[in-house]
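Please look over the sequence and the model before reading on.

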Amino acid sequence: MSQNNIPNKTADPYDVVVVGGGPAGLQAALTLGRVRRRTLLLDSGEYRNGSADAIHNMITRDGTTPAEFRAAALAELKTYDSVKVREATVSEIVQVPGSGFVVFLSNEGVVAGRTLLLATGLRDQLPPTPGLPELFGSLAAHCPYCHGFEYADTHVAVLGSGPQVPRMALLMERVASRLTVLTDGGKLDPDHHAILDAAGIAVRPEVVTDLRRSGSRVTVAFAQGPDEEVGGVLVSTTPVQSAPFADQLGLRLLPSGCTEVDPVGRTSMRGVYAAGDSAHTPATPIPLSSVVAAAAAGKNAAMALDADLLTIDHGLLPPGAPKLASKSS
Ligand SMILES: Cc1cc2nc3c(=O)[nH]c(=O)nc-3n(C[C@H](O)[C@H](O)[C@H](O)COP(=O)(O)OP(=O)(O)OC[C@H]3O[C@@H](n4cnc5c(N)ncnc54)[C@H](O)[C@@H]3O)c2cc1C
């Protein structure tokens, strides 16, 4: 959209438009609501853990379903009169120099914000093993810390042949009663094979033709050889940004494909903040993905954004910031 075609919606912008209603966006909205920042949260309703039975490894919420988590968060946000939550899909975001951002919704609505907080998350591309999409989030998972203990004391399969396979298998060593790596026709690095052999972890190299739920277990069928019954499957995914806004705005990206942020969520563009799975600092090769980390990043970005608005509106520097030299000194 060219600058000339931008509707005149910038007269009364929100202080912040938060795009994304997962843990990062919800927590950011809570933080902003508590200081009465005029905040609009837009949520298209597609969450990374949408297929998961439950959230695990989050203190006080271990075993809560993602839907319960969101319902509780939305109920809490109702207390804060400056926060508006809207179910809407954002299609495009345009920067309007000097006044902020215009956010176009796919139903043709338009809203404006002085600042933006992108909390749009990642999506997982799965390997093409038949049956895997139906199991992902319950009997198949990508993170032993989130969904590993649920397979405790059962025979667990680790699917794949990539560099992450031995780590995933060894993480499950104390939890599973037995482990088998299914390379699905792929070739393990010989050093990794040796590590697995030394740990007594079996490797099956045949192509996997099907993963099928049988009660609370998974039946693994192979191109050759007998089926295996396992209590769960761990598999690496390829995470990709779920929304195009970092590209649209020309934000600096990291080799992971995520948006580069400073430790408090500032992106390479003034006025744009990012939090949650889709953003991280260069200090880590990938985002530290989890519900609690996303929520923490949302809170930090909201506080940084609020402090930056205080600087813009009142000239008040954030705590610890060096004073600007006066012209006469
Ligand atoms: C199967 C599975 C199970 C998991 N289990 C756990 C677990 O047990 N414990 C744990 O800590 N972590 C778990 N995770 C990781 C966890 O889901 C993520 O770390 C967390 O959801 C990241 O939060 P987020 O707010 O960054 O993104 P998300 O939760 O993915 O939220 C993104 C938000 O952005 C919105 N959005 C995207 N595009 C647009 C658009 N164009 N317009 C408007 N809104 C948009 C979406 O609708 C959504 O509201 C799991 C992940 C997966 C895949």
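The C-alpha centres of domain 1 and domain 2 lie 34 Å apart. The protein chain is assigned domain 1 (3-124 + 238-314) and domain 2 (127-235), with bounds that come from an automatic or database domain assignment. This is a predicted model, in which local features need pLDDT of at least 70, side-chain atom pairs count only at pLDDT 80 or more, and totals for chains, interfaces and linings use all residues. Residues are numbered from 1 along each chain as its sequence is written.

**Contact between the domains**

- Domain 1 gives 6 residues to the contact and domain 2 gives 8 residues, where contact requires C-beta atoms, placed from the backbone, to lie within 7 Å.
- The side of domain 1 that touches domain 2 has 1 nonpolar, 3 polar and 2 charged residues (Ala, Val, Leu, Ile, Met, Phe, Trp, Tyr, Cys and Pro count as nonpolar, Asp, Glu, Lys and Arg as charged, and the others, Gly among them, as polar).

**Surroundings of the ligand**

- Among the 40 residues around the ligand, Gly20, Gly22, Asn49, Gly121 and Gly276 come nearest (a residue is near if its C-beta atom, placed from the backbone, lies within 6 Å).
- Helix H1 (23-34), strand E2 (39-43) and helix H7 (291-314) are the elements that give two or more residues to this shell; helices (H or I, at least four residues) and strands (E, at least two) are DSSP runs, numbered from the N terminus.
- Domain 1 and domain 2 each supply at least three residues of the shell.
- By class, the shell holds 17 nonpolar, 18 polar and 5 charged residues.

Methods: Contact = placed C-beta atoms within 7 Å.
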